[in-house]
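Reader: I want to learn how to read a sheet from its strand pairings. Can we work through one case, step by step?

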Amino acid sequence: RAAAATAWLVKDGVARAVTSSGADMVRSLEKCVYTGLRTFRGRPVSLQVHMSRLEHSAAERGMAAPTVRAVQEAMRTALTAMGNADAVMMLATDGEQLLTHAKPIPPRPRPPVLAGITHVDRAYGEVKDSAWVFERDALAWPPGANELIIVDKNGQVLEGTSSNVFVVKDDALYTAGGHILSGSIRRLVLRLCSELNLPVRLEPPNWADRAGWQDVFITSTSRLVLPVDVLLGDAGETLKFESRHPIVARLDSAILAELEGEARWLDESAPEPAAPPTSQ
């Protein structure tokens, strides 16, 4: 019996129901660049950021990037096929064709959220291409892990396989400032930190200092701000977080409101600010 379709794939302006994943779509192109984003109330979140990422990655690989018009048409086709339900989307191009994969936003992972640690030296951390998808396939994940966090040969915690990583230490947030792919939700979190006057240091935390970590969370388009309850090291270490640090709790509760201001098509105007009340 055939498996029920769980997603939609748009190619050449036509959407068809599929059971494959966005990663499967990327693998099918073999050599391509891609980006992943989400929608909020029928509009893409931070689409300009994702277009810039796609253009940068394509230029680094000597490929032509798709136009804004082509991307928006493909996304609208996918949303129509899904009945305009909010979605997680992946856009991929090999310089000649654009493929778009869309699926309903998955439910938030329930605690306890487990994340594994793996020591990997990743090249081209600032480019999102198919080579990384194939590299990820070879990584060993602990059973039940929601994410695998990358630590380099110097012990620096860089990012997850499909997320950015934040660590709370000494009542401040630490996150790698370079040699990573800065996701759109990470950018929103950093903006929130500035608005809320939360202390941030753009330097990677070190795995060797984990005994002093007060909390950990990851950010991604589908999971937004996701606190981690248990870290599983690749040498058998286990690090548990029994309670949430106030910084993490505050960001977790505030991030959803940030999406609305970032959700719009690039061919529509930004929302007009509310007019001040007039005095009678």
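Author: Start with one pair. This is a predicted model. Here β1 and β2 pair in the antiparallel sense, over five bridges.

Reader: What holds paired strands together in general?

Author: Strands of a sheet pair through backbone hydrogen bonds, and the pairing is either parallel or antiparallel. In this case, take Lys11: its bridge partner in β2 is Val14.

Reader: How many residues lie between β1 and β2 in their hairpin?

Author: Two residues. Look at Asp12 in that turn: its phi is positive, about 55°.

Reader: Which residue of β6 does Trp8 face?

Author: Ala102 stands opposite Trp8. β1 and β6 are joined by four bridges, again antiparallel.

Reader: How many bridges join β5 to β6?

Author: Seven, between residues 87-93 of β5 and residues 98-104 of β6. These two strands run antiparallel. Thr93 is placed opposite Leu98 of β6.

Reader: Which strands does helix α3 touch?

Author: Helix α3, residues 68-81, packs on the sheet and touches β1, β2, β3, β4, β5 and β6. Its direction makes about 140° with that of β5.

Reader: Now the whole sheet. What is the strand order?

Author: Read it as β2-β1-β6-β5-β3-β4. The sheet is open, has six strands, and pairs antiparallel.

Reader: Why is one side of β2 and of β4 left without a neighbour in the sheet?

Author: β2 (14-18) and β4 (43-44) stand at the edges. Each has a single partner strand, so one side of each lacks a neighbour in the sheet.

Terms used. Residues are numbered from 1 along each chain as its sequence is written. This is a predicted model: local features need pLDDT of at least 70, side-chain atom pairs count only at pLDDT 80 or more; totals for chains, interfaces and linings use all residues. Side-chain values use heavy atoms; hydrogens and water are left out. Two strands pair if DSSP finds at least two bridges between them. Contact means heavy atoms within 4.5 Å. Axes are lines fitted to C-alpha atoms, for helices over the stretch in contact, and angles run from 0 to 180 degrees between N-to-C directions.
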